[in-house]
Amino acid sequence: MKIIFLLSAILLIWWILKTLRRNRMTDAEPRIRNMLPCDYCGLHVPEDEAVQHQGRSYCCREHAERNQP
Ligand SMILES: [Zn+2]
C-alpha cells in the first residue's frame with residue numbers, strides 16, 4: 001500500500017514540473033503578429049512592417065507607388 005502512495009506522489013511532482021515547464025515555454029514564444037496582405041502582390045507582411053498608403057497596406061514602398069491609378 002505504501003508503494004502506491006509513493007508512486008502517486010512522484011506522478012504529482014512530475015505533473016507539476018511538466019506544467020511549470022510548459023507555462024515557461026509559452027511565455028518565451030514570440031507573439032503572433034497580425035499579418036496584412038499587400039494590395040499589389042498579395043504577400044502577407046506583419047502589420048508593423050507593412051507600408052500604409054491611402055488606407056491600404058503594402059509589403060514595400062515600391063508596391064504602394066506602383067499601385068497608383
Ligand atoms: Zn507587394
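Reply: A word on the model comes before the site. This is a predicted model, in which local features need pLDDT of at least 70 and side-chain atom pairs count only at pLDDT 80 or more, while totals for chains, interfaces and linings use all residues. Residues are numbered from 1 along each chain as its sequence is written, and side-chain values use heavy atoms, with hydrogens and water left out.

The protein donors of the zinc ion are Cys 38, Cys 41 and Cys 59, each through its SG atom, together with His 63 through ND1, and these atoms lie 1.9 to 2.4 Å from the zinc ion. The word donor is used here for N, O and S atoms within 2.8 Å of the metal (3.2 Å for Na, K and Ca), and as water is not among the atoms, sites may look incomplete. The angles that the four donor atoms subtend around the zinc ion run from 97 to 122 degrees, and therefore the arrangement is tetrahedral. Four donors count as tetrahedral if all angles lie between 85 and 135 degrees; four count as square planar, and six as octahedral, if opposite donors are over 155 degrees apart and all others between 65 and 115, and anything else is irregular. For orientation, the ideal angle for four tetrahedral donors is 109.5 degrees.

Along the sequence, the donor residues of the zinc ion follow the spacing C-x2-C-x17-C-x3-H. Cys 41 sits in the loop between strand E1 (35-37) and strand E2 (44-46), whereas His 63 belongs to helix H2 (residues 61-66), so this pair ties together parts that are 22 residues apart in sequence. The helices (H or I, at least four residues) and strands (E, at least two) are DSSP runs, numbered from the N terminus. To place these elements in the whole, the protein chain has two helices and four strands, and from the N terminus on they run α-β-β-β-β-α.

His 63 counts as buried at 13% relative accessibility, and Cys 59 counts as buried at 18%, whereas Cys 41 is partly exposed, with a relative accessible area of 42%. Here buried means under 20% relative accessible area, exposed means over 50%, and partly exposed lies in between (1.4 Å probe, protein chains only). Of the 69 residues of the protein chain, 16% count as buried. Cys 41 can also be placed relative to Tyr 58, from which it is 17 residues apart in sequence and 8.2 Å apart in space, C-alpha to C-alpha.

A search of the whole structure finds zero disulfides, a disulfide being a pair of cysteine sulfur atoms within 2.5 Å.

Arg 56 forms a salt bridge with Asp 39, and their closest N and O atoms are 3.6 Å apart. This pair links distant parts of the chain, with Arg 56 in strand E4 (residues 56-58) and Asp 39 in the loop between E1 and E2, 17 residues apart. A salt bridge is a side-chain nitrogen of Lys or Arg within 4 Å of a carboxyl oxygen of Asp or Glu, and by this rule the count comes to two. Arg 56 is partly exposed at 45%, and Asp 39 is partly exposed at 39%.

Helix H2, where His 63 lies, brings in another pair. The side chains of Arg 66 and Glu 62 meet in a salt bridge of 2.4 Å, N to O. Being four residues apart in helix H2, Arg 66 and Glu 62 are separated by about one helical turn. Arg 66 counts as partly exposed at 47% relative accessibility, and Glu 62 counts as partly exposed at 43%.
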